[in-house]
Amino acid sequence: MNKKNTHLIIYKWKNSFHKVTLENDFSFQNFKDENITKEEFNSFLPSPELAELMFNLAENDPYICSLSNLTKFVEKFYQNKNEEYYNSIFLYIEDGKLISFLNVVINYDVAEIDYIFSGRQYRGKGVANFLLNILLNVMTKQENYKKNRVLLEVGINNIAALTFYKKFDFKQIATRKNYYKNKEDAVIMEKSL
């Protein structure tokens, strides 16, 4: 018997938790977005230490921030107290294992992507595409919380990421000199919605 993989995306937007389920498919077609409780959200996590899970997945990536920074990001994610400023995390889980994530800071009408990462064996399969599409879909569909633009920074030498964002019509708007620990410049990119 051929066992199907279960692909699950869980995320928090504003004060509500959500689940998107797919089977054997990384496409952005016909997905179903369901509201879930915080307890259900946490039950899907392979470990209760979300920041540690994300850090362990991406620890060899030169663009990952420290575990302490991820921990602070996750704490703010769970402690949303502001209607216009909050952190959101989109998690892609396959068969109970975290394979990709996207962190975003919502600040009034702007979403700033903090970090997006997919495990090496999932690159080129559409996983990051799906996470970004879910984010953009949520940003434009939420009645009272529509956002106008998305910002991000990406390493000037990270050609794969630059190419990825250009496919989504992100445009370069500025450069930050010596932004990363290795003194690499960061390209600031923007997408208007």
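Before selecting anything, a word on angles: under 35 degrees counts as roughly parallel, over 145 as roughly antiparallel, 65 to 115 as roughly perpendicular and the rest as oblique. The model is predicted, so to speak of local features takes pLDDT of at least 70 and side-chain atom pairs need 80 or more, while totals for chains, interfaces and linings use all residues. Residues are numbered from 1 along each chain as its sequence is written, and side-chain values use heavy atoms, leaving out hydrogens and water.

Along the sequence they read β-β-β-α-α-α-β-β-β-α-β-α-β-β. Of the 193 residues, 46% count as buried (under 20% relative accessible area, with a 1.4 Å probe and protein chains only).

Next, select residues 50–58, helix α2, and residues 67–78, helix α3. How do they pack? The angle is about 140 degrees and the axes are 8 Å apart (axes are lines fitted to C-alpha atoms over the stretch in contact, with angles from 0 to 180 degrees between N-to-C directions). That makes α2 and α3 oblique to each other.

Now show side chains. From α2, pick Leu50, Ala51, Glu52, Met54 and Phe55; they meet Leu67, Leu70, Thr71, Val74, Phe77 and Tyr78 in α3, contact being heavy atoms within 4.5 Å. By class, this contact has 9 nonpolar, 1 polar and 1 charged residues (nonpolar is Ala, Val, Leu, Ile, Met, Phe, Trp, Tyr, Cys and Pro; charged is Asp, Glu, Lys and Arg; the others, Gly among them, are polar).

How values were computed. Helices (H or I, at least four residues) and strands (E, at least two) are DSSP runs, numbered from the N terminus. Buried means under 20% relative accessible area, exposed over 50%, partly exposed in between (1.4 Å probe, protein chains only).
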